[in-house]
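Q: I have a structure to read and would like to learn how to go about it. Where do we begin?

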Amino acid sequence: MATIDIQGVSKGYGSRRVHADLNLSVQHGECFTLLGPSGCGKTVLLRLVAGFEQPESGSIRINGSPVSDPAAGINIPPDQRDLGVVFQDYAVWPHMTVLENVAYPLKLAKKQRREMEERALEAVAMVGMKGLEKRLPSELSGGQQQRVALARALVAGPSLMLLDEPLTNLDANLREEMRFEIKELQRKLGITVFYVTHDQEIALAISDRLAIMDGQGRVRQIGSPQDIFERPADVFVFNFMGIANFIPVRRVGDDWLVGQGDQRVPVGRPDGAGELYTVGCRPSDVRIAASGPGLRGVVRRASFLGAMMDYQVEVDGVIMRVALETHEAIAGGLMFKAGDPCALNFHDLLWFDSVSAEDTGGA
Amino acid sequence: MNNTARKGGVGAAQIILGLSIAILVIVVAVPVLLIFVNAFWVDGALNVKDVIRIIREKDTYQALVNSLIIAAGTTTGSTIVGTFFAWLVTRTDLPYKRFMKAMFLVPFMLPSFIGALAWKMLLSPRAGFINRFWMGTLGFEEPLFNIYSYAGIVLVEIMYLFPFVFIQVCGALERMDPTLEESARISGAGLFTITRKITIPLALPSILSGALLIMLYSMAHFGTVAVLGIENGIFNIPTLIYQRIHQSAGSFASIRTGTVLASILVMAAALIIWLQGKALSRGRYQIIAGKSFRPMELKLRALRLPLLILCLVYIAFTIVLPTVVIFLVGGLKTYGLPFTWENLSLDNYKFILFDYQVTRDAIWNSLSLGLGAALITMFAGVMISYVIVKMKVRGKGVLEFLGMLPFSVPGSVIALGVILAWSGRYGPNLYNTVWIILVAYIARYMAFSLKANSAALEQVHDSLVEAARACGASMWQALKDIVLPLVRPGMLAAFFLIFLPSLRELTVSIMLYSPTTRTIGVAIYTLNEDGETVRSAALAGIALFLIITGQTLINRFAKGRSA
């Protein structure tokens, strides 16, 4: 059983608070991602789990046994926590060859020479680096170095892996390839992965569950990728998961009117009884037409982005972004210019009360 | 990351920190503290009146003034010379710039007291070769130049110290973003205006920092003043300390005077180091890039040839001539004979290397002391730097403060402090043994080791060590397998930065030597004092040979690594 339980953990540096009374648990065999803007303290949390930092209060358990608990005087050093860690800057030792890097954990575990070599070669092959065993890190590309780091973290067969933005320094193609490989390895080996990143695309692709952390180190929502994407708990999460339109809405009698104008919101209504709401939607959830029913607006900017058309539309003083595929736009006669009038309809709208809309979590 | 101590226990981090603090306290802090205590604390009470009385004594006052005069002259001269040459080799189309740059750095490795010795042979008022030629062959009444003067001392010091400014300014001018100058040019400024309004202000922090380094060095400098000043009674602080203690064989009064003068040196040095830090931090944002650019080059046109000749003459006059004179005089049968083939032989060199007990001992002492000091200081330095650069442990601030000390304590102060600390008053008596010199060398060269090692350690990213810890390595294993191999180049650099200068060390050794513990520097100096000029020169020649060979090997090695 490889689980992580974080209970009531607080951590600060000098007068700066990073975490206050944080609770989080990672279940056996899942890929759990901690997603948040840079500087929110997600790396600090990973370092707390790894044992590179000590919490000021609270406790951390790995596999049920406490590894950090200042109140009980428990602080297991990182080398005795039985983890694999992969760092953002790879941290491949420059004075050792690929094989030496990968074999190092086995050497420390005092394995037989034969076994050591076999398992190291196996791990090298697993990350697709066969044939490069004798290379020095300086002779490898960034992606290859990250594979070495991955093999090194896996070789001793840990049941728990911590990954700190391991793909950030790679180029876009490699990043996409590597994220599938990491996911594949995790599934194959059945290990628990605790993954830290600020890239929501990676987080959605790789995770079984993910936690969204805001700029103050508070966890805003925990759930499956679909949950988080489709049913964001608040404006912060919605905004963080992609480009978002936020439309201020006010109640007049039984109607909901956009901005300061007098056009009615075409779909849905809020659960609560407040007077002011914010309605959220993705640019791709907006349907644009030259005329017909819906919100009347004026195209302010039209950008051709290749496969996509991106419009900025003003409706009664509120600016919204609208995206549609270029071929669709051409087929449907929806190639607008700045200044053209248009009508907007919506696939789906999310209603947030205005109080939560202002709380963007410092992001 | 290293805070592995469980509650109540003492972890590896605390042991290393404690050891590092202990080394710096014993080797550097205690001697310096003893100097202050001896200067200001008499019979259990603070005594400032006596200190003032000592300062107002004619000789001590004069030595203070002399130190200031010489330091001021040397600093001004070196700054002008260093900046001018730095500008020439970086910003103009002067021919053979690479060669020039290499040559201008040669004085770094030449010991200035050997230079002073050479200039004494060339320009002493009656016996100097140039003055004899001037009066004898050309028939002038008066000698051309008397080297036994303030001007002589200052000129010789400039020759050997200007590289401090030269190298700093070269670096600044090479790193300077040329767009700064180009935009001034586009705005219609002439080259002269650009140089005055843009280039010089931008390079100013580097110029200032180099100048302050020279001032620090010159004020506490022993060799040149000892060789050239004593003849006419010109003493500065270090030479007066030496003379007092040497003449009185360590009497209380002389030690007292010494500690007062040394305290003044330490305070002045601390002030200079502080100012230098200010100058450098101001420069950090001004010269923006760490990359090197291709700087704009000024066409010298008609001045190209004259300036080339000026550089060549300067190099010939200040570097080649003194070195050649040392080797030639070392080959003479008797000092004063003309340089003809009959008068020259290798006999002196043979005698000094194989037959003469004094010099054989000296060479052996210097080699073993240098080796010992370099090894010990290298290892101590890497440990202390590790705590300062890498460890997060309580009490580190103390170590950071102690780590600054070696940089601001001049050699003669260290020697005096070591005498106070190791003469048996507080434990073992090392006085008159080779060990006291070893202790002093360690204190003197600790700064070099700290600098080289912390530079190397800053290159070792924390995550490399953390990765090892996560792989199951204990702190010691991570140090042994990851940190040590990666800082080995820095340690090696520290070793040679200590070993080579210690071969020619004079300032500290001269205060601490006994008849059997002479070093090369002491032997050269005392042989010269005793009128054994040719043997002194021959030994100096051997020292130069050792130093230049060693330096060349290191440069070759360093180039091979970086290529």
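A: We begin with strands and sheets. Helices (H or I, at least four residues) and strands (E, at least two) are DSSP runs, numbered from the N terminus. Two strands pair if DSSP finds at least two bridges between them. In this predicted model, chain A has an open sheet of five strands, in the order E15-E19-E16-E17-E18, and the pairing is antiparallel.

Q: How are residues and chains labelled, and what does a predicted model require?

A: Residues are numbered from 1 along each chain as its sequence is written, while chains are lettered from A and ligands numbered from 1 in the order in which they are written. Because the model is predicted, local features need pLDDT of at least 70 and side-chain atom pairs count only at pLDDT 80 or more, whereas totals for chains, interfaces and linings use all residues.

Q: Which are the edge strands of the sheet in chain A?

A: An edge strand pairs on one side only; here these are E15 (286–289) and E18 (318–325) of chain A. On average, neighbouring strands of this sheet are turned by 45 degrees against each other, direction ignored. Such angles use axes, which are lines fitted to C-alpha atoms (for helices over the stretch in contact), and run from 0 to 180 degrees between N-to-C directions.

Q: How many bridges join E15(A) to strand E19 of chain A?

A: Four bridges join E15(A) to E19 (residues 341–346) of chain A, and the two run antiparallel. In one of the pairs, Ile288(A) has Leu344(A) in E19(A) as its bridge partner.

Q: What is the overall make-up of chain A?

A: Its secondary structure comes to ten helices and 20 strands. A residue is buried if 20 or more other C-beta atoms lie within 10 Å of its own, exposed if 12 or fewer, and partly exposed in between, with C-beta atoms placed from the backbone. Of the 363 residues in chain A, 40% are buried. The C-alpha atoms of chain A fill a box of roughly 80 × 50 × 35 Å along the principal axes.

Q: How is chain B divided?

A: Domain bounds come from an automatic or database domain assignment. Chain B has domain 1 (14–45 + 346–563) and domain 2 (57–334). Their centres, taken over C-alpha atoms, are 25 Å apart. Two residues are in contact if their C-beta atoms, placed from the backbone, lie within 7 Å. Domain 1 of chain B puts 36 residues into the contact and domain 2 of chain B puts in 33. Seen from domain 1 of chain B, several helices supply at least two residues each, including H1 (12–40) and H24 (533–562) of chain B. H24(B) gives the most, with twelve residues.

Q: What classes do the residues on that side of domain 1 of chain B fall into?

A: Ala, Val, Leu, Ile, Met, Phe, Trp, Tyr, Cys and Pro count as nonpolar, Asp, Glu, Lys and Arg as charged, and the others, Gly among them, as polar. That side has 24 nonpolar, eleven polar and one charged.

Q: Last, how confident is the predictor in chain B?

A: pLDDT is the predictor's confidence in each residue, from 0 to 100. For chain B the mean is 85, and 94% of the residues reach 70 or more. Over residues 1–9 of chain B, pLDDT stays under 50. Where pLDDT is low, the predicted coordinates should not be read in detail.
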